[in-house]
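Student: I have just opened this entry and would like to talk it through. Could we go over it together?
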Amino acid sequence: MPKPSGKSPERKLQVVLSVLRGEVSAADAARRAGVTEQTVHNWKNAFLDAGRAGLAGAGRRRSCREAELEAENEELKAALGEAHVQLRVWKKGAEYLPPLRSSR
């Protein structure tokens, strides 16, 4: 995992916007900000993907709601797996029962 640059989201935003406006190249912006050119490109991509929140790192962290949904999803998967196993057991057990006679 890359090391955080320590720059504030506002500073990152200034750098990214200056690159997007064409005021400076990514290399010049990186030199002025004291980071690598790749870092500037990463900031730019994060901004384009998630706006200002992406530069604050919010795009990398799961929200509380996402964590809740993932936990619920895991619970539902487990419940579905248990139900599937029970159904297979019941079907297997039914093979040994005598066939039902119709009332005709």
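Student: Which residues of helix 3 are buried?

Tutor: Please keep in mind that this is a predicted model. In helix 3, the buried residues are Val40, Trp43 and Phe47. Viewed down the helix axis, the buried residues fall within an arc of 60 degrees, so they line one face of helix 3.

Student: And which exposed residues does the face turned away from that buried side carry?

Tutor: That face of helix 3 carries Leu48 and Asp49, both exposed.

Student: How many residues does helix 3 have, and how far does it reach?

Tutor: Helix 3 covers residues 37–50, which is 14 residues. From its first C-alpha to its last it reaches 20 Å, close to the 20 Å expected at 1.5 Å a residue.

Student: What comes just after helix 3?

Tutor: Gly51 does, and this residue takes a positive phi of about 65 degrees.

Student: Let me step back. How many helices and strands are there in the chain?

Tutor: The chain has five helices and zero strands. Read from the N terminus, the order of elements is α-α-α-α-α.

Student: What share of the residues counts as buried?

Tutor: The chain has 104 residues, and 17% of them count as buried.

Student: Which residues have the most contacts inside the largest nonpolar core?

Tutor: They are Val15, Val19, Ala29, Val35, Val40 and Trp43, in a core of 13 residues. Helix 1 (9–20), helix 2 (26–33) and helix 3 each give two or more residues to this core. As background, nonpolar side chains in soluble globular proteins tend to be buried together.

Student: Turning to helix 1, which of its residues are buried?

Tutor: Lys12, Leu13, Val15, Val16, Ser18 and Val19 are the buried residues of helix 1. Helix 1 is followed by Gly22, which has a positive phi near 85 degrees.

Student: Why does Ser18 count as buried?

Tutor: Ser18 has a relative accessible area of 12%, so it falls under the 20% limit for a buried residue.

Student: What does the side chain of Ser18 reach?

Tutor: The side chain of Ser18 reaches the backbone oxygen of Val15 at 2.7 Å. Leaving aside neighbours within four places in sequence, Ser18 is also in contact with Glu23 and Val24.

Student: Which residues does Ala33 touch?

Tutor: Not counting residues up to four places away in sequence, Ala33 touches Lys7, Arg11 and Val15. Val15 has come up already, as one of the residues with the most contacts inside the largest nonpolar core.

Student: How far apart are the C-alpha atoms of Ala33 and Gln14?

Tutor: They are separated by 10.0 Å, while the two residues are 19 residues apart along the chain.

How values were computed: Residues are numbered from 1 along each chain as its sequence is written. This is a predicted model: local features need pLDDT of at least 70, side-chain atom pairs count only at pLDDT 80 or more; totals for chains, interfaces and linings use all residues. Side-chain values use heavy atoms; hydrogens and water are left out. Helices (H or I, at least four residues) and strands (E, at least two) are DSSP runs, numbered from the N terminus. The expected span of a helix is 1.5 Å times one less than its number of residues. Buried means under 20% relative accessible area, exposed over 50%, partly exposed in between (1.4 Å probe, protein chains only). The arc is that of the directions from the helix axis to the C-beta atoms. A nonpolar core is a set of buried Ala, Val, Leu, Ile, Met, Phe, Trp, Tyr and Cys residues joined through side-chain atoms within 4.5 Å. Contact means heavy atoms within 4.5 Å. A polar contact is a pair of N or O atoms within 3.5 Å; within protein, one must be able to donate a hydrogen and the other to accept it, and residues adjacent in sequence count only if both atoms are side-chain atoms.
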